[in-house]
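Subject: Handover of a structure and notes on its contents

Dear colleague,

Please find the structure below for your files. The notes that follow it set out what was found and are intended for a reader who has not seen it before.

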Amino acid sequence: MAVKVGFIGCGGIANQKHFPGMAQEDGVEMVAFCDIVKERAEKGAKEFGTPDAKVYTNYKELLADETIDAVHVLTPNVAHSEITVAALEAGKHVLCEKPMAATTADAQKMLDARDKSGKMLTIGYQYRHLHENAIAKKVINDGWLGDIYYAEASYIRRRGVPTWGVFMDKEKQGGGPLIDIGTHALDLTLFLMNNYEVDHVVGTSFERLGKLLEPEQQGQIGWSGGEPDSWNNKTYEVEDFAVGYIKMKNGAVIHLKASWALNMETKPGMVVLCGTKGGLDTYDDRVRLNHVVAGQQAVTMVGGKVQPFIPGFSGGSAPPSKEAQIWVKALKGEGDLFVTADQAFVVTKVLDSIYESSRTGKAVHF
């Protein structure tokens, strides 16, 4: 029996990652497409759906189809919780795009619905699967770092404000770069450290360049997902930079920072980890291991650059999506989830706490 999958949200991330990723998997039927803009759903159904794929503008109508086994929730952040909870209650397994939710309270509702329904829930943190990050995880598991006590998690765009969709709409997104790309950096760091026990969080978010720079001053650059374009600083509602200090219960510390606009060199998706035996970083899309050989300081480049794995992000020439492969196997009962909702919940709680700490000027204790 083929796994029947529906998609709620047919915008950029659906077309760039989810549609092409699932289309490459055997034993999957893409049977339903929903979007508030009907034309987007119709386009998805025509390009990726089964011949009889259905199109909806109301996600509740899609969830009423008892033949659908699983859904992908690919909407703006604030809608993740409501739709995911409804899908779980309707008896569907759910892959929800990152971040899990815009607030801790909404993420908790998703966990509660998962537990009550008995269905699977996973979150779309695909950066874990990138080649250099998979190598970093193996290096750590093999003991090269020892006890990790300091980490830097950063995703810095000097000028990279997403001007499409609703990214600058606080009501729909819940925040700016921290919740958009900082969430990837934090998820990856916690995963590599294998440490989700947070003691307290202190943080600050800044609304400076997003509102300050006039279009002719912005100097946008291109990045995957859209064409470079100036933004409207009069309607810019979210932070342009955020930083957080995360103290773990075992004493380890994580320094997190994320920006769409910051007067600093662009450094996408970089992680630094320091332990008692060695350290590593993922600059330049490779793993740099700092260790000791024959009593001497040494640097070893582990692995080489490889093609990105995400279909759609490299002109359709990328290999199959590991995220889709693992998800489909789990749906078929042939494997486990790689990203658990419990792990993603911690990420959301930390990000929410950074925003709260910025508002109150106080630490948030877990």
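A crossing of two helices is called left-handed when the near helix is turned anticlockwise from the far one by less than a right angle, and right-handed when the turn is clockwise. That term is needed for the helix pairs described first. Please note that the model is predicted.

Helix packing

Two packed helices are described by the angle between their axes and the distance between the axes.

Helix 5 (residues 104-117) passes helix 12 (residues 341-360) in a left-handed crossing. The axes of these two helices come within 9 Å and cross at roughly 165°. Angles over 145 degrees count as roughly antiparallel, and helix 5 is therefore roughly antiparallel to helix 12. On the side of helix 5, the contact is formed by Thr104, Ala107, Gln108, Leu111 and Arg114. Helix 12 contributes Ala341, Asp342, Phe345, Thr348, Lys349 and Asp352. Sorted by class, the residues of this contact between helix 5 and helix 12 are four nonpolar, three polar and four charged.

Helix 1 (12-23) takes part in two further pairs, which are described in turn.

With helix 11 (322-331), helix 1 packs at an angle of about 55°, and the axes are 9 Å apart. The two helices are therefore oblique to each other. Their crossing is right-handed. Lys17, His18, Gly21 and Met22 of helix 1 meet Glu323, Ala324, Trp327 and Val328 of helix 11. This contact of helix 1 with helix 11 comprises four nonpolar, two polar and two charged residues.

With helix 2 (residues 38-48), the axis of helix 1 comes within 11 Å, and the crossing angle is roughly 30°. Angles under 35 degrees count as roughly parallel, so helix 1 and helix 2 are roughly parallel to each other. Helix 1 passes helix 2 in a right-handed crossing. Here Asn15, Phe19, Pro20 and Ala23 of helix 1 meet Lys43, Gly44, Glu47 and Phe48 of helix 2. The contact of helix 1 with helix 2 divides into four nonpolar, two polar and two charged residues.

Cavities

How many cavities of 30 Å³ or more does a search of the whole structure find? The search finds two.

The largest cavity has a volume of about 80 Å³. Its lining is made up of Leu95, Thr122, Ile123, Gly124, His129, Glu323, Ile326, Trp327, Leu337, Phe338 and Val339. Strand 6 (121-124) and helix 11 are the elements that give two or more residues to this lining. By class, the lining of the largest cavity holds seven nonpolar residues, three polar residues and one charged residue.

The second largest cavity has a volume of about 40 Å³. Lys17, His18, Met22, His72, Leu95, Ser321, Glu323, Ala324 and Trp327 line the second largest cavity. Helix 1 and helix 11 each supply at least two residues of that lining. In the second largest cavity, four lining residues are nonpolar, three are polar and two are charged.

A pocket

The second largest pocket contains about 200 Å³ of space. Of the 13 residues that line this pocket, Lys170, Gly174, Gly175, Tyr355 and Arg359 lie nearest its centre. Which element gives the largest share of the lining of the second largest pocket? It is helix 12, with four residues. The lining of the second largest pocket consists of three nonpolar, five polar and five charged residues.

Backbone details

Most residues other than glycine have a negative phi, and most peptide bonds are trans. The peptide bond that joins Lys98 and Pro99 is cis, with an omega of about -15°. Pro99 is located in the loop between strand 5 (93-97) and helix 5. Asn194, although not a glycine, has a positive phi of about 55°. Asn194 belongs to the loop between helix 8 (177-193) and strand 8 (198-206).

Yours sincerely

Notes
Residues numbered from 1 in each chain as written. Predicted model: local features only at pLDDT ≥ 70, side-chain atom pairs only at ≥ 80, totals over all residues. Heavy atoms only, no water. Axes fitted to C-alpha atoms, helices over the stretch in contact; angles between N-to-C directions. Parallel < 35°, antiparallel > 145°, perpendicular 65-115°, else oblique. Contact = heavy atoms within 4.5 Å. Nonpolar A, V, L, I, M, F, W, Y, C, P; charged D, E, K, R; others polar. 1 Å grid on protein atoms, 1.4 Å probe; cavity = no way out; pocket = protein on both sides within 12 Å on 5 of 7 lines; lining within 4 Å. Points joined across faces, edges and corners; volume = space filled by probe spheres on them.
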